[in-house]
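Please look at the sequence and the structure before reading on.

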Amino acid sequence: MKLKGAEKHFWWHFRHITDSKHIPLELPGFTAIDDMDVDDEYIGMIAAKVSIVHHIYLKETKVTDVGIKFICDFKQLKTLTLMKHAGITKACLPDINKLTDLEYLDVWKTKIRLEDVDALTNLNKLKELYVSPNDEDDDSDRDAILEKIIKIEEKLPNCSVYTSPR
């Protein structure tokens, strides 16, 4: 069936698709870097048709906690980068906690802080976690940050926690 309106525009720009029967149910992944056209609605358009996505890399887009709810509906998601998003907060952690296939999570430079990720109790496959240690105006000492990391790594024993960018 031919796509119409906003959906037609979206799928043409996303994957040059003009017919709904060509929209895949599974994507290997998608990436957006410094792209202000990528927002919650954009993620919602993908989530409305695609059920499996393996890798998502988003850096400095307009995605917020609302978009994270859509992302967390994808099955088999292994890597999720949400670097540098001021609209992503700890409120989305219960949704992220549903991504039980997740092996890599980068929430560095979001509003999620080291002490917040205690909520990620279901991510048993997680191997790497990148998170800001504290707010920029917080001058917690290295020992306090290290204690938080140790606590998280006890809850997620297969996971290494990093508090600075790669």
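His54 counts as buried, because its relative accessibility of 17% is under the 20% limit used here. The model is a predicted one. His54 belongs to strand S2, which covers residues 52–59.

Setting aside neighbours within four places in sequence, His54 is in contact with Glu26, Leu27 and Pro28, and also with Gln76, Leu77, Lys78 and Thr79.

## Aromatic pairs

There are nine aromatic pairs in the structure. In one of them, the ring centres of Phe10 and Phe14 are 5.4 Å apart and the ring planes stand at 15°, so this pair is stacked. Phe10 and Phe14 are four residues apart in helix H1 (residues 5–15), which means that about one helical turn separates them. Both residues are buried.

Another pair is formed by Tyr130 and Tyr162: the centres are 4.8 Å apart and the planes are at 20°, so this pair is also stacked. Here the pair links distant parts of the chain, with Tyr130 in strand S5 and Tyr162 in strand S6 (residues 160–162), 32 residues apart. Tyr130 is buried, with a relative accessible area of 6%, whereas Tyr162 is partly exposed, with a relative accessible area of 33%.

Which residues do ring pairs link into a cluster? They are Phe10, Trp11, Phe14, Phe30, Tyr42 and Phe74. The ring of Phe14 also has a charge over it: the charged end of Arg15 sits 4.6 Å from the ring centre.

## The largest pocket

The volume of the largest pocket is about 270 Å³. Its lining includes the aromatic residues Phe10, Phe14 and Tyr42.

The largest share, five residues, comes from H1.

## Glu7 in helix H1

Glu7 has its place in helix H1. Is this residue buried or partly exposed? Glu7 counts as partly exposed, at 26% relative accessibility. Leaving out neighbours within four places in sequence, Glu7 is in contact with Met45 and Lys49.

Glu7 and Lys90 are 83 residues apart in sequence, and the distance between them in space is 31 Å, C-alpha to C-alpha.

## Asp65 in helix H3

Asp65 lies in helix H3, which spans residues 65–71. Asp65 is buried, with a relative accessible area of 18%. Not counting residues up to four places away in sequence, Asp65 touches Gly87, Ile88, Thr89, Ala91 and Cys92.

How many residues apart in sequence are Asp65 and Leu93? They are 28 residues apart in sequence and 9.0 Å apart in space, C-alpha to C-alpha.

## Thr110 and its loop

Thr110 is found in the loop between strand S4 (104–106) and strand S5 (128–130). Thr110 is buried, with a relative accessible area of 3%. The side chain of Thr110 reaches the backbone nitrogen of Ile112 at 3.1 Å. Not counting residues up to four places away in sequence, Thr110 touches Leu82, His85 and Ile88. Ile88 is also among the residues that Asp65 touches.

Lys109 is in the loop between S4 and S5 as well. Lys109 is partly exposed, with a relative accessible area of 37%, whereas Thr110 is buried.

## Positive phi values

What is the phi of Lys109? It is near 60°, a positive value in a residue other than glycine. Lys84 has a phi near 65°, again positive in a residue other than glycine.

Lys84 lies in the loop between strand S3 (79–83) and helix H4 (93–96). At 30% relative accessibility, Lys84 counts as partly exposed.

Technical notes: Residues numbered from 1 in each chain as written. Predicted model: local features only at pLDDT ≥ 70, side-chain atom pairs only at ≥ 80, totals over all residues. Heavy atoms only, no water. Helix = DSSP H or I, 4+ residues; strand = E, 2+ residues; numbered from the N terminus. Buried < 20%, exposed > 50% of the residue type's maximum accessible area, 1.4 Å probe, protein only. Polar contact = N/O pair within 3.5 Å; in protein donor to acceptor, adjacent residues only side chain to side chain. Contact = heavy atoms within 4.5 Å. Phe/Tyr/Trp six-rings, centres within 6.5 Å; stacked < 30°, edge-to-face > 60°. Lys NZ or Arg CZ within 6 Å of the ring centre and 35° of its normal. 1 Å grid on protein atoms, 1.4 Å probe; cavity = no way out; pocket = protein on both sides within 12 Å on 5 of 7 lines; lining within 4 Å. Points joined across faces, edges and corners; volume = space filled by probe spheres on them.
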